[in-house]
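Dear colleague,

Please find below the structure that I am handing over to you. My findings follow after it.

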Amino acid sequence: MNIETTAHAAQPPIRLGIAGLGLAGSFMIRAAVAHPRIALCAGMDPLPRPREAFARQFDAQVYSDFHELCRDPSVEAIYISSPHRFHASQAVEAMEQGKHVLVEKPLALTLEECDEVIAAADRTGLHLIVGHTHAFDPNIREIHRIIESGELGRLGMILAFNYNDFLLRPHRSDEFDSERGGGIAFNQVAHQIEIVRLLGGRIRSVRANVGALDASRLAAGHCMAFLEFEDGAAASVVFSSYDFFDSDELHHWIAEGGTDKEPHRHGKTREAFLARASDLEAHEALGFGARILPTEQPYWIDCCDLRTWRHAAFTEWHSDPRRSWHARDCGASRCRPTWTRERS
Ligand SMILES: NC(=O)c1ccc[n+]([C@@H]2O[C@H](COP(=O)([O-])OP(=O)(O)OC[C@H]3O[C@@H](n4cnc5c(N)ncnc54)[C@H](O)[C@@H]3O)[C@@H](O)[C@H]2O)c1
């Protein structure tokens, strides 16, 4: 994938600060460091452990407070990878302090908050990108290309399904509280909606059922949605996160990020959940510097490797920074489109 152009190379790098040094922040740090057009100049997290790891590794400012990050004049743009409930207010504050914003999904927890963030972008004239992921998956790009080309006829149905162990992974308490952005609708189904919107276009109607079935983890853990698109196609979106079935089994045990998954590990997330004393401790132990991130994606052909996998998004940002429908990197997709062949 050619990610640099002469025109881009001539521009000074974007001076990036990262708010939230957890899983998403860790991936972004790696990509930012590898990208010639990004200068990583600050990191922020309320937790000391990821901050200390960040300070050890980079010659960059480290903050425990988001307001301080926003006031740092050396920071030009902020990537917000904090917990969901902070996204809207932090995005607005960052723009009011003159920073461009790349905010993780979901943009906000309510439509009103979304409007406030968009209004701040309009008011300040700064760039706002919602960091959706999966439009950059090579397989989704290819599906999109085929749909756009019309070579298989008109799109009729999209089936998107994912059964995984999300609910049983270590989580903070806010991740079980939908009022604070918890549950799979905000965290996981957002990915599927991004994919089906990219493939199916503008949505005319949505009908959905979201529920919580695991008595030990009372948070939204499954969702079934039916979406109709303006051009008449439809999508069914199914997500279940109880760690009883893993739909990667239907994908030759290839994991979300294009890596091998070991079938015998199925069910281990529940075992680990039952064995651990503190969810919070287990979660906090996974901050920046503590996780082993995968280094290659053998099943994603024609894609840059994991050290550079977010380059494509950065390049999009340079070329058309106001694009808001996707940004950033690559990731999961369990998606099956169906075409109706138009008879002539
Ligand atoms: N696009 C993707 O593929 C992808 C993948 C993972 C996560 N995400 C998104 O990234 C965001 C973070 O998820 P994560 O999995 O990295 O979570 P995480 O819990 O691993 O990391 C969140 C970090 O934010 C810190 N934090 C807490 N309060 C904060 C505040 N007020 N300001 C700044 N940081 C604060 C936490 O201490 C933690 O280190 C979420 O929006 C999530 O949906 C996206």
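Which residue in E10 does tyrosine 163 stand opposite? Tyrosine 163 stands opposite serine 240 in E10. Helices (H or I, at least four residues) and strands (E, at least two) are DSSP runs, numbered from the N terminus.

Before the details, two remarks on conventions. Residues are numbered from 1 along each chain as its sequence is written. The model is predicted, so that local features need pLDDT of at least 70 and side-chain atom pairs count only at pLDDT 80 or more, while totals for chains, interfaces and linings use all residues.

Overall composition

The protein chain contains 11 helices and 11 strands. Of its 344 residues, 43% are buried; a residue is buried if 20 or more other C-beta atoms lie within 10 Å of its own, exposed if 12 or fewer, and partly exposed in between, with C-beta atoms placed from the backbone. Among contacts between residues at least 6 apart in sequence, 71% join residues at least 24 apart. Two residues are in contact if their C-beta atoms, placed from the backbone, lie within 7 Å.

The six-stranded sheet

An open sheet of 6 strands runs in the order E3-E2-E1-E4-E5-E6, with parallel pairing; two strands pair if DSSP finds at least two bridges between them. Strand E3 (61-63) and strand E6 (128-131) stand at the edges with a single partner strand each, so one side of each has no neighbour in the sheet. On average, neighbouring strands of this sheet are turned by 25° against each other, direction ignored (axes are lines fitted to C-alpha atoms, for helices over the stretch in contact, and angles run from 0 to 180 degrees between N-to-C directions). Strand E2 (residues 38-44) is joined to E3 by 3 bridges, and glycine 43 has valine 62 in E3 as its bridge partner.

Strand E10 and phenylalanine 239

Strand E10 (residues 234-240) includes phenylalanine 239. E10 pairs with strand E7 (residues 154-163) in the parallel sense over 7 bridges, and with strand E9 (residues 222-229) in the antiparallel sense over 7 bridges. Alanine 225 has valine 237 in E10 as its bridge partner. The hairpin of E9 and E10 has 4 residues between the strands, and glycine 232 takes a positive phi near 100° there.

Phenylalanine 239 counts as buried because 26 other C-beta atoms lie within 10 Å. Leaving aside neighbours within four places in sequence, its contacts include Asn162, Ile184 and His222. Phenylalanine 239 and alanine 160 are 79 residues apart in sequence, yet 8.4 Å apart in space, C-alpha to C-alpha.

Backbone features

The peptide bond from lysine 105 to proline 106 is cis, with omega near -10°, and proline 106 is found in the loop between strand E5 (100-104) and H6. Just after H6, glycine 125 has a positive phi of about 75°.

Aspartate 243 has a phi near 65° and is buried, with 24 C-beta neighbours inside 10 Å. Tryptophan 253 has a positive phi of about 55° and is partly exposed, with 14 C-beta neighbours inside 10 Å.

Yours sincerely
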